[in-house]
Amino acid sequence: MVHGAANNVYTKPYKAGNIVEWCRDHDVWYLHIDLEIPEVFLEEAEAVYDAGFFVEHRTCDTLKFDNEKEVIDQVSKRHDPSSPRGGNGWYSSAIHSFVHEDAKDTGMGWYHTMNPSGHGLTEENVKWGWTEAAELAPETKRWLEEFPHKHYRRLRWMLLKPGSGIIDHDDASAERKQEGRIRNIAGAINLAIHHPEKCYLRRSDTRQELPYKNFGALWFDNGTDHEVLNYSDENRYIMIMHGGFNKERKELMKKSLVKQFGKDVLKEIDV
Ligand SMILES: [Fe+2]
């Protein structure tokens, strides 16, 4: 039985490059990426936080709790209007983002942590680039510049504070939903900067946890319903990398797929 295939029209063999479709049809919601990030990422993320560059993020989806049991009772209540929201435990800061096209430079893009429309702008009237926060994170910036694709959009640190949860949600845009592309494993790369032990990001349906390993990287399909919880006493930092999809990124994804499922999987995908 191929899970998640009911709403898809793709037929096998998959055409070259259709890793995204293959993952969608096989309900594969993460892939390990064969790379490690330098440990200085954590030091620099903390420096950016200490300098006040983080802004509250989607507080309407955030929960605050006093003990583990309380949040475990609450975090899966996406459809329950009585579920308490507005926890203020979720923060974000952009090292690479956008500003209005008339701005002098892209330095102030650090607080543009949502898409342009989320800040009253449009794709047509913004320009993209490194932000002031990058000055406090030179090694992070250098690593990102060397990463094999150069079409960055938002590159953000995400911080979930201790005692906070993010309620069951998916991150597919209205456009993705309209086009039937809710599931998309290539949408973003997650870098685990510091994911404490008493912390999880899990699917809401299967309760399977995303296997974060500190200083590791994963493709994560944010079209799945998922929920996040930090019941440790440490800040959880990850970085979400959004950007285009090019040849190098596709190669990286192919390697990830082979590492997880063995090389025979490529026969199925016909790459
Ligand atoms: Fe999410």
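1. Let's start with the buried side of helix α6: in this predicted model, L252, M253, S256 and L257 of α6 are buried. Seen down the helix axis, the buried residues of α6 fall within an arc of 140 degrees, so they line one face of the helix.

2. What lies over that face? The cover of the buried residues of α6 includes α1 (19-25), β1 (30-33), β10 and α7 (265-269).

3. As for its length, α6 covers residues 247-261, which is 15 residues. From first C-alpha to last, α6 reaches 21 Å, close to the 21 Å expected at 1.5 Å a residue. Following α6 comes G262, with a positive phi near 90 degrees.

4. Next, a look at backbone angles elsewhere. Most residues other than glycine have a negative phi. R207 has a positive phi, near 65 degrees, and is not a glycine. You will find R207 in the loop between β9 (199-203) and β10 (217-220).

5. The loop between β9 and β10 also holds F215. F215 is not a glycine either, yet its phi is positive, at about 70 degrees.

6. F215 has 18 other C-beta atoms within 10 Å, so it is partly exposed.

Note on methods: Residues are numbered from 1 along each chain as its sequence is written. This is a predicted model: local features need pLDDT of at least 70, side-chain atom pairs count only at pLDDT 80 or more; totals for chains, interfaces and linings use all residues. Helices (H or I, at least four residues) and strands (E, at least two) are DSSP runs, numbered from the N terminus. A residue is buried if 20 or more other C-beta atoms lie within 10 Å of its own, exposed if 12 or fewer, and partly exposed in between; C-beta atoms are placed from the backbone. The expected span of a helix is 1.5 Å times one less than its number of residues. The arc is that of the directions from the helix axis to the C-beta atoms. Two residues are in contact if their C-beta atoms, placed from the backbone, lie within 7 Å.
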